[in-house]
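Here are my notes on the model you sent. They are set out as numbered points, in the order in which I worked through them.

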Amino acid sequence: MNPAALINDAKLLSDILNKYQNSVILCDQNTEKLCLPLLNINPETPIISIPAGETNKSAFSLNFIWNKLLEANADRNTVLINIGGGVITDLGGLAASTYNRGIKFIHIPTTLMGMIDAANGGKTGINFNGLKNYIGTFSEPEAIYIRPEFLKTLPFYQIQSGFSEMLKHGLIADKKYFEQLISLDLKVETAEFINWNSLIEKSIEIKNAIVSKDFKESDERKLLNFGHTIGHALESHFINSNLPHGHFVLAGMICETFLSHTVGNLDLAESQKIIFSIDSIFERIPLLAVDIDEIAHLALKDKKNNAHKIKCIFLDKTGKASFDNTITLKDVVESLSFYNS
Ligand SMILES: NC(=O)c1ccc[n+]([C@@H]2O[C@H](COP(=O)([O-])OP(=O)(O)OC[C@H]3O[C@@H](n4cnc5c(N)ncnc54)[C@H](O)[C@@H]3O)[C@@H](O)[C@H]2O)c1
Ligand SMILES: [Zn+2]
């Protein structure tokens with residue numbers, strides 16, 4: 001696994017990138033405008049730019065990128081440099097790992113979500129037929145370069161989105177880290193004063209420790225899906241909303257913490273404390289009865305399920321989780337009703 005390198009020196013990063021003679025850049029319209037100019041990349045490097053947003057993590061965009069790579073005469077010696085959030089690193093990783101049976105790629109994550117999660121761990125993907133990340137590969141980038149500087153232009157609700165996955169890292173693997181994150185009292189007015197460097201490093205360390213034991217997600221890596229069984233179902237249901245991924249994960253973590261107590265072994269007081277902590281930082285997403293029914297059925301379609309059983313990650317306590325717990329459609333409905341209460 002290629003560990004991410006945190007680089008605070010702008011010149012050092014542009015020197016590293018300009019060493020790649022034969023490269024193509026992939027970005028979205030926002031990162032092209034806000035991030036690319038800060039990297040001082042050779043102006044002759046071909047740029048592929050796509051519209052921003054989750055709906056563009058699609059087969060249409062993948063086809064578009066393959067065509068642009070062909071136009072740029074990309075071959076096995078070409079390196080695709082993905083500059084953006086999780087949409088760009090997931091999509092660019094998939095485009096590169098399939099074009100010409102696989103060319104090299106580098107991730108430069110520009111969102112908190114990308115830095116602490118999406119760019120690490122070697123999963124690539126697109127959404128397909130309304131289902132999250134249904135098509136993809138396990139393929140590792142040549143390198144991951146993280147520049148926390150990029151967070152300065154990131155809207156606060158996107159910071160919250162990345163923060164949700166950091167909370168997840170604490171909840172599944174490190175109680176002290178969870179408590180440290182909660183004590184930051186993340187607000188729009190405090191976010192810019194947070195020293196993100198050490199937090200980013202801690203989250204990557206937790207994720208990499210899990211992924212290095214189980215790259216293809218046969219067992220332990222499933223722990224990283226805490227909050228995602230129900231979170232992905234919510235995200236698929238609201239696929240055309242502008243809410244970012246992490247906000248659905250937060251909702252999913254509330255539901256799955258509830259189930260960790262009602263179906264699993266998590267102590268009631270501890271489950272309430274966790275839910276209270278999450279609620280103190282983020283607002284809940286209002287749901288209608290009809291949403292709940294459809295979301296529960298979408299949870300059944302999650303690609304990580306076997307036959308008709310829904311598999312879920314439970315917290316056993318704060319900082320420790322277990323995988324392959326079975327829940328029913330009724331459990332999902334109850335957790336969503338609790339969330340909505
Ligand atoms: N592969 C994995 O292991 C993994 C893990 C977590 C999430 N993901 C995926 O990542 C995606 C979510 O990633 P995301 O939250 O980064 O979303 P995103 O890539 O859509 O970025 C969010 C928004 O921020 C903009 N943006 C990016 N950098 C910016 C900057 N520095 N300043 C201002 N605006 C900026 C983007 O243009 C976009 O509008 C989801 O598709 C999710 O499934 C993948
Ligand atoms: Zn996630």
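1. Phe-248 has a relative accessibility of 1% and therefore counts as buried, since the cut-off for that class is under 20%. Please keep in mind throughout that this is a predicted model.

2. Phe-248 also takes part in an aromatic pair. The model has four aromatic pairs. In one of them, Phe-238 and Phe-248 are stacked, with 6.2 Å from centre to centre and 15° between the planes. Phe-238 belongs to the loop between helix 9 (228–237) and helix 10 (245–262), while Phe-248 is in helix 10. The two residues are 10 residues apart, and their pair links distant parts of the chain.

3. For Arg-147 the ring is that of Phe-150, and the charged end is 5.7 Å from the ring centre. For Arg-284 the ring is that of Phe-338, at 5.6 Å from the centre.

4. Glu-334 is a residue of helix 13 (residues 329–340). Is Glu-334 buried or partly exposed? Its relative accessibility is 37%, so Glu-334 counts as partly exposed; the class lies between the limits of 20% and 50%. The C-alpha atom of Glu-334 is 8.7 Å from that of Cys-255, although 79 residues along the chain separate the two.

5. Next, the ligand. Which residues come nearest to ligand 1? Of the 26 residues around ligand 1, they are Asp-28, Glu-54, Thr-111, Lys-132 and Thr-153. By class, the shell holds eight nonpolar, 10 polar and eight charged residues.

6. Several elements contribute to this shell. Helix 2 (29–34), helix 4 (86–98), helix 5 (112–118) and strand 7 (131–135) each provide at least two of the shell residues around ligand 1.

7. An N or O atom in the side chain of Asp-28 is 2.7 Å from an oxygen atom of the ligand. For the side chain of Thr-111, the distance from an N or O atom to a ligand oxygen is 2.6 Å. With Thr-153 the ligand atom is a nitrogen, and a polar side-chain atom of the residue lies 2.7 Å from that nitrogen. As for cover, ligand 1 has 870 Å² of accessible area on its own, and the protein covers 92% of that area.

Conventions. Residues numbered from 1 in each chain as written. Chains lettered and ligands numbered in written order. Predicted model: local features only at pLDDT ≥ 70, side-chain atom pairs only at ≥ 80, totals over all residues. Heavy atoms only, no water. Near = heavy atom within 4 Å. Polar contact = N/O pair within 3.5 Å; in protein donor to acceptor, adjacent residues only side chain to side chain. Areas by Shrake-Rupley, 256 points an atom, 1.4 Å probe, with all protein chains shown as cover. Helix = DSSP H or I, 4+ residues; strand = E, 2+ residues; numbered from the N terminus. Nonpolar A, V, L, I, M, F, W, Y, C, P; charged D, E, K, R; others polar. Phe/Tyr/Trp six-rings, centres within 6.5 Å; stacked < 30°, edge-to-face > 60°. Buried < 20%, exposed > 50% of the residue type's maximum accessible area, 1.4 Å probe, protein only. Lys NZ or Arg CZ within 6 Å of the ring centre and 35° of its normal.
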